[in-house]
Amino acid sequence: MSFSSEVKEELAKHVGKSRHCQLAELAALIAFECRVNTADSENQPLKEKYQLLVHKLFEDNGAFGAGDERRILEAVKMWDDATGKPHPTETVNGILIQQSCCKRAFVRGAFLASGSISDPNKSYHFEVVCRSEEQAKQLCDVINSFGMDAKIVARKKYQVVYLKEGAQIVDMLNIMEAHVALMNLENVRILKEMRNSVNRKVNCETANISKTVNAAVQQLRDIEYIRETAGLSSLPDNLREMALLRLEYPDAPLKELGTYLNPPVGKSGVNHRLRKISEIAESLR
């Protein structure tokens, strides 16, 4: 099962405690699914959630009967009393999503109807496909009211509201109250960050070792060149001593080389002398 499916299964079982939250989520399901009757929908979590909400909102008090879609549409502000006909809309009436808890329910419903999350082991991507610019803007505004940075992009005939940062997707799961999925995602993020940190350190150490080896090889070439041309005896005493030590200890780091001098010299002093030797070799060339 995909991570996205796991999130939807968890959300399908979660129902807001208040009636106003349940209505906000039901309105989102209808708006984003673009129909009242979800019996033919291939989205199983959406069907389960729709039936659960209808049962909670209407059947408990005996007000809902089979096929009575008018009561549902009236409750979610999608019934036109003037014409006595359904008036489903792609956006949800603002009265239903005024409170923070209702906004959470609205986002949850939108995601259940047409959202997806990529496998966090591969990449971080959260999106909800919207049918119109108005629908996308409403969803984007609601998501961003929680301090998020959701954006909208056109994809063929649809508008897609999306997030791409791992931390924001974690926050998004918290907003929708998918707490089990949130913990699973956090575990993946921690492991990925640990692996990335180890890789960065290994790469850094490898680069430093490579740099040190390359520098030592060049130093040896310079010393050999001086010995073959002007001779090491042409060097000042301190540089000749340094050159002989480098020939004797070709793999030793600068700090270690400094301890073999008499008196000992620090890393910067050794580096200075080797640089002078390289300058002399270059001038001879």
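Student: Where is the place of Pro263?
Tutor: This is a predicted model. A cis peptide bond joins Asn262 and Pro263, with omega about 0°. As for its place in the chain, Pro263 lies in the loop between helix H10 (254-259) and helix H11 (267-284).

Student: H11 packs with helix H9. Are H9 and H11 roughly parallel or roughly perpendicular to each other?
Tutor: Two packed helices are described by the angle between their axes and the distance between the axes. For H9 (residues 237-248) and H11, the axes are 10 Å apart and the angle is about 95°. Angles from 65 to 115 degrees count as roughly perpendicular. H9 and H11 are therefore roughly perpendicular.

Student: How do the residues of the contact of H9 with H11 divide into nonpolar, polar and charged? Which are they?
Tutor: On the H9 side are Asn238, Leu239, Glu241, Met242, Ala243 and Arg246. They meet Val270, Arg273, Leu274, Lys276, Ile277 and Ile280 in H11. The division is 7 nonpolar, 1 polar and 4 charged.

Student: Now helix H1 and helix H5. Are H1 and H5 oblique or roughly parallel to each other?
Tutor: The axes of H1 (residues 3-13) and H5 (residues 100-114) come within 10 Å. They cross at roughly 130°, and the crossing is left-handed. Roughly parallel needs an angle under 35 degrees, and roughly antiparallel one over 145. H1 and H5 are therefore oblique.

Student: Which residues in H5 do the residues of H1 meet?
Tutor: The contact residues divide into 5 nonpolar, 1 polar and 2 charged. H1 brings Ser4, Val7, Lys8, Leu11 and Ala12. Their partners in H5 are Arg108, Phe111 and Leu112.

Student: What covers the buried residues of H1?
Tutor: The buried residues in H1 are Phe3, Ser4, Val7, Lys8, Leu11 and Ala12. Their cover includes helix H3 (44-57), H5, strand E3 (115-117), helix H7 (166-176) and helix H8 (179-228).

Student: Leu173 is in helix H7. Does Leu173 count as buried or exposed?
Tutor: Leu173 is found in H7. Leu173 touches Phe3, Val7, Ile117, Ala178, Ala181, Leu182 and Leu185, leaving out residues up to four places away in sequence. Buried means under 20% relative accessible area. At 0% relative accessibility, Leu173 therefore counts as buried.

Student: Which residues have the most contacts inside the largest nonpolar core?
Tutor: In soluble globular proteins, nonpolar side chains tend to be buried together. Here the largest nonpolar core has 61 residues. Its largest share, 10 residues, comes from helix H2 (residues 19-33). The residues with the most contacts inside the core are Val7, Leu26, Phe126, Leu139 and Leu173.

Student: What does Leu26 touch?
Tutor: Leu26 is among the residues with the most contacts inside the largest core. Leave out residues up to four places away in sequence, and Leu26 touches Tyr50, Leu53, Val54, Leu57, Phe58, Ile72 and Val76.

Student: Does Lys77 count as buried, partly exposed or exposed?
Tutor: Lys77 has a positive phi of about 65°, although it is not a glycine. The place of Lys77 is the loop between helix H4 (69-75) and strand E1 (79-80). Its relative accessibility is 44%, so Lys77 counts as partly exposed.

Student: And Lys156, buried or exposed?
Tutor: Lys156 also has a positive phi, about 55°, and is not a glycine. Lys156 is found in the loop between strand E5 (151-155) and strand E6 (158-163). Exposed means over 50%. With 85% relative accessibility, Lys156 therefore counts as exposed.

Conventions: Residues are numbered from 1 along each chain as its sequence is written. This is a predicted model: local features need pLDDT of at least 70, side-chain atom pairs count only at pLDDT 80 or more; totals for chains, interfaces and linings use all residues. Side-chain values use heavy atoms; hydrogens and water are left out. A nonpolar core is a set of buried Ala, Val, Leu, Ile, Met, Phe, Trp, Tyr and Cys residues joined through side-chain atoms within 4.5 Å. Buried means under 20% relative accessible area, exposed over 50%, partly exposed in between (1.4 Å probe, protein chains only). Helices (H or I, at least four residues) and strands (E, at least two) are DSSP runs, numbered from the N terminus. Contact means heavy atoms within 4.5 Å. Axes are lines fitted to C-alpha atoms, for helices over the stretch in contact, and angles run from 0 to 180 degrees between N-to-C directions. A crossing is left-handed if the near helix is turned anticlockwise from the far one by less than a right angle, and right-handed if clockwise. Ala, Val, Leu, Ile, Met, Phe, Trp, Tyr, Cys and Pro count as nonpolar, Asp, Glu, Lys and Arg as charged, and the others, Gly among them, as polar.
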